[in-house]
Amino acid sequence: MKPYKSSEKSKKEQVAEMFDNISSKYDFLNHFLSFGVDHYWRRKTISILKKQSPEIILDVATGTGDLAFAAYKKLKPKKIIGLDISKGMLEVGRKKIIKNKLEDHLEFIHGDSENIPFNDNHFDAVMVSFGVRNFENLKSGLSEIHRVLKPGGQLVVLEFSKPKKFPVKQSYYLYSNFILPFFGKLISKDKSAYTYLPESVAAFPEGDEFIVELDDLSFKNSHYRLLSGGIASIYSSKK
C-alpha cells in the first residue's frame, strides 16, 4: 500500500514525500482529526514503560516527536532518540526541542527503520506510534528493532486498528473513509495523504496477526489491548 498510486517511487520514498508535504500541518491535523484522543492513547502507551524505567529510548517513526516529548515528561529517561525518514517532520520536531529546552535529553535524527544506525543491544526500550504500517518491509523493520533492543528490553507499538463491533465499526468506517480524507485534504493540501491513512490501516496485519509477526522474530510475551472501541491498539513485547 503506497500513498501515491500514480508514482513509481518506492513506498519508502513516497512515505517520506507524503510526510514532508504535510509536516507543517501534521500536529494540528493529528489533534483536530482525532478530537484530541491521540493524547490519551499516547499516555496509555507510555504507561507500559513506566515499570521498567528505561534510561535510553528509541522512538521509531517519531514524526514531529509527540510520543517522545510525552515519554520524556512522564518517564524522565537520560535520552530519547527519535528516528524518522521525513526531514520535514524532523525539522518541526527539532524546533519543538529547542522551544522546550530539551536539547540534552531529546535528539531527532534522519534515518530508516529498516537500517537503524545503532549497535546491537543499545536501547532499553523502543516505541513506535502510528508508524509500523508505513514500513516498506514490516519484518525487516521489526527485526531491526529487535536487534537494537537490549535483552529484556521493551517494545511498545501504538497503531490504528479496525473496530469490529456496532456502532463503532460503522461510525469509524464513515469517518475514516469520508470525513477524515475531506478535512485532511482541505487543510494539508495533499489529496492523497489522508486517503492513504484508512487504506494503510485496512492493509495492516492487526491484532493476533501482528502478534504472530512479533513471535516469528523472537519477541517474547507479546500481547495487545484495544483502545476506544478498537480504533487503536497498543502492542507490547520484550526481547
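Visitor: Which residues lie nearest the centre of the largest pocket, and how many residues line this pocket?

Guide: In this predicted model, where residues are numbered from 1 along each chain as its sequence is written, local features need pLDDT of at least 70, side-chain atom pairs count only at pLDDT 80 or more, and totals for chains, interfaces and linings use all residues. Side-chain values use heavy atoms, with hydrogens and water left out. The largest pocket is lined by 50 residues, and those nearest its centre are Tyr26, Phe130, Arg133, Phe160 and Leu197. A pocket is an open set of points on a 1 Å grid over the protein atoms alone, where a 1.4 Å probe fits and protein lies on both sides within 12 Å along at least five of seven lines, and a lining residue has an atom within 4 Å of a point. The space in the largest pocket is about 850 Å³.

Visitor: Which helix supplies the largest share of the lining of the largest pocket?

Guide: That share, nine residues, comes from α1, and the elements that each supply at least two residues of the lining also include α6 (168-188) and α7 (193-203). Helices here are DSSP runs of H or I with at least four residues, and strands are runs of E with at least two. By class, the lining has 28 nonpolar, 13 polar and nine charged residues.

Visitor: Why are α1 and α7 described as roughly perpendicular to each other?

Guide: α1 and α7 pack at an angle of about 100°, with their axes 10 Å apart. Angles of 65 to 115 degrees count as roughly perpendicular, and α1 and α7 are therefore roughly perpendicular to each other. Where they meet, the α1 residues include Ile22, Tyr26 and Leu29, and the α7 residues are Ala193, Tyr194 and Tyr196. By class, this contact has nine nonpolar, no polar and one charged residues.

Visitor: What makes β5 and β7 a pair of strands?

Guide: Two strands pair if DSSP finds at least two bridges between them; β5 (residues 149-160) and β7 (residues 232-238) have seven bridges, in the antiparallel sense, so the pair meets that condition. One of the bridge partners in β7 is isoleucine 234, which partners leucine 158.

Visitor: Why is one side of β3 and of β6 left without a neighbour in the sheet?

Guide: The open sheet of seven strands has mixed pairing and the order β3-β2-β1-β4-β5-β7-β6. β3 (106-110) and β6 (220-227) stand at its edges, each with a single partner strand, so one side of each has no neighbour in the sheet. From one strand to the next, the twist averages 15°.

How values were computed. Points joined across faces, edges and corners; volume = space filled by probe spheres on them. Nonpolar A, V, L, I, M, F, W, Y, C, P; charged D, E, K, R; others polar. Axes fitted to C-alpha atoms, helices over the stretch in contact; angles between N-to-C directions. Parallel < 35°, antiparallel > 145°, perpendicular 65-115°, else oblique. Contact = heavy atoms within 4.5 Å.
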